[in-house]
Amino acid sequence: MTTLKFIGKDPESKTGNSPTVFIDEESADLVIQGWKADESTLAACRRVGTIPDDEAVVRVPAHMVEMVRKACDDAERTHDR
């Protein structure tokens with residue numbers, strides 16, 4: 001069973017449900033819940049390469065950068081244990 005460490009939710013979310021940042025406590029992977037990318041964003045991503053069926057492109061607002069940094073720092077410490 002995957003154990004996720006909750007880092008934080010978008011404080012500006014109108015519904016309080018997303019976007020959200022987590023860390024997988026076993027693998028130290030970041031788990032990001034965000035808005036589904038629109039077709040324009042997907043097209044820009046596809047100019048670099050394909051998006052496999054088991055992957056997704058999500059958008060996380062810029063004002064959550066500090067939260068993502070915290071997740072990266074926590075993940076790095078988790079991985080180094």
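**Salt bridges and a nonpolar core**

Visitor: What does Arg69 count as, in terms of relative accessibility?
Guide: Arg69 counts as partly exposed, at 47% relative accessibility; buried means under 20% relative accessible area, exposed over 50%, and partly exposed in between, with a 1.4 Å probe and protein chains only. This is a predicted model, in which local features need pLDDT of at least 70 and side-chain atom pairs count only at pLDDT 80 or more, while totals for chains, interfaces and linings use all residues. Residues are numbered from 1 along each chain as its sequence is written, and side-chain values use heavy atoms, with hydrogens and water left out.

Visitor: Which residue does Arg69 form a salt bridge with?
Guide: The partner is Glu66, with the closest N and O atoms 3.2 Å apart; a salt bridge here is a side-chain nitrogen of Lys or Arg within 4 Å of a carboxyl oxygen of Asp or Glu. Glu66 counts as exposed, at 55% relative accessibility. The two residues are three apart in helix H2, which means that about one helical turn separates Arg69 and Glu66; helices (H or I, at least four residues) and strands (E, at least two) are DSSP runs, numbered from the N terminus.

Visitor: And Asp74, buried or exposed?
Guide: Asp74 is buried, with a relative accessible area of 5%, yet Asp74 forms a salt bridge with Arg77, whose closest approach is 2.4 Å between N and O atoms. Arg77, by contrast, is exposed at 52%. Salt bridges with shared partners join Lys5, Lys70, Asp74 and Arg77 into one network.

Visitor: How many salt bridges does the structure hold?
Guide: There are five, and one of them pairs the side chains of Arg46 and Glu39 at 2.9 Å, N to O.

Visitor: Switching topic, which residues make up the largest nonpolar core?
Guide: Eight residues do: Ile7, Val21, Ile23, Ala28, Met64, Met67, Ala71 and Ala75. A nonpolar core is a set of buried Ala, Val, Leu, Ile, Met, Phe, Trp, Tyr and Cys residues joined through side-chain atoms within 4.5 Å. Strand S2 (20–24) and helix H2 (65–80) are the elements that give two or more residues to this core, and H2 gives the most, with three.

Visitor: What does Ile23 touch?
Guide: Leaving aside residues up to four places away in sequence, the contacts of Ile23 include Ile7, Ala28, Ala71, Asp74 and Ala75, where contact means heavy atoms within 4.5 Å.

Visitor: Finally, what pattern does the protein follow along the sequence?
Guide: The pattern reads β-β-β-β-α-β-α, made of two helices and five strands.
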